[in-house]
Amino acid sequence: MTPDDPKSNDSFLNAAKDHKGGLVSEFVAFMRDNKKWWLIPFLVVFGLLGLLLILSATGAAPFIYAMF
């Protein structure tokens, strides 16, 4: 196919219009394709730490500090 071929342009436009998901779905597809399942515990721990940091700046802070 040449760059002037209308079929190649149509396939490019169709691929651009195709909705494939967001960042999380891309990362899950990466882990599935490359067999990187050992990354899941790291992501869970980082997610929980991020949630703890967000909640420590809200009204839930006294309850979080009481747990430790």
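These legends walk through several close-up views of a predicted model.

View 1. Let's start with the overall picture before zooming in. The protein chain holds 4 helices and 0 strands, and reading along its sequence gives the pattern α-α-α-α. How much of the chain is buried? Of its 68 residues, 7% are buried. The accessible surface of the chain comes to about 6,100 Å², and carbon and sulfur atoms account for 71% of that area.

View 2. A predicted model comes with a confidence score for its residues, called pLDDT. For this chain the mean pLDDT is 80, and 87% of the residues reach 70 or more. Which helix has the highest confidence, and which the lowest? Helix 3 is highest, with a mean of 90, while helix 1, covering residues 6–17, is lowest, with a mean of 70.

**View 3. Helix 2 has the length its residue count predicts.** Helix 2 has 12 residues, and at 1.5 Å a residue it should span 16 Å. The expected span counts one less than the number of residues.

**View 4. Two phenylalanines pair along helix 2.** A search of the whole structure finds 2 aromatic pairs. In one of them, the rings of F27 and F30 have their centres 5.9 Å apart and their planes at 35 degrees, so this pair is tilted. F27 and F30 both belong to helix 2 and sit 3 residues apart, about one turn of the helix. An α-helix has 3.6 residues a turn, so residues three or four places apart point the same way. Are these two residues buried, partly exposed or exposed? F27 is partly exposed, because its relative accessibility is 34%, and F30 is partly exposed too, at 36%.

**View 5. W38 and F42 meet edge-to-face.** The ring centres of W38 and F42 are 6.2 Å apart and the ring planes stand at 90 degrees, so the pair is edge-to-face. F42 counts as partly exposed, with 47% relative accessibility.

View 6. Side chains of opposite charge can pair when their charged atoms come close. How many salt bridges does a search of the whole structure find? The search finds 1. It joins R32 to D33, with the closest N and O atoms 4.0 Å apart. R32 is partly exposed at 47% relative accessibility, whereas D33 is exposed at 56%.

View 7. K35 follows helix 2 and lies in the loop between helix 2 (23–34) and helix 3 (40–56). What is the phi of K35? It is near 55 degrees, a positive value in a residue other than glycine. Most residues other than glycine have a negative phi. K35 is also exposed, with a relative accessible area of 61%.

**View 8. A nonpolar patch lies on the surface.** W37, I40, V44, L48, L51 and L55 make up this patch. Together these residues have about 530 Å² of accessible area. One of its members, I40, is found in helix 3. I40 counts as partly exposed, because its relative accessibility is 34%.

Definitions and conventions:
Residues numbered from 1 in each chain as written. Heavy atoms only, no water. Buried < 20%, exposed > 50% of the residue type's maximum accessible area, 1.4 Å probe, protein only. Patch = residues over 30% accessible without salt bridge, like charges linked within 9 Å, V, L, I, M, F, W, Y side chains within 5 Å. Areas by Shrake-Rupley, 256 points an atom, 1.4 Å probe, with all protein chains shown as cover. Salt bridge = Lys/Arg side-chain N within 4 Å of Asp/Glu carboxyl O. pLDDT = per-residue confidence, 0-100. Phe/Tyr/Trp six-rings, centres within 6.5 Å; stacked < 30°, edge-to-face > 60°.
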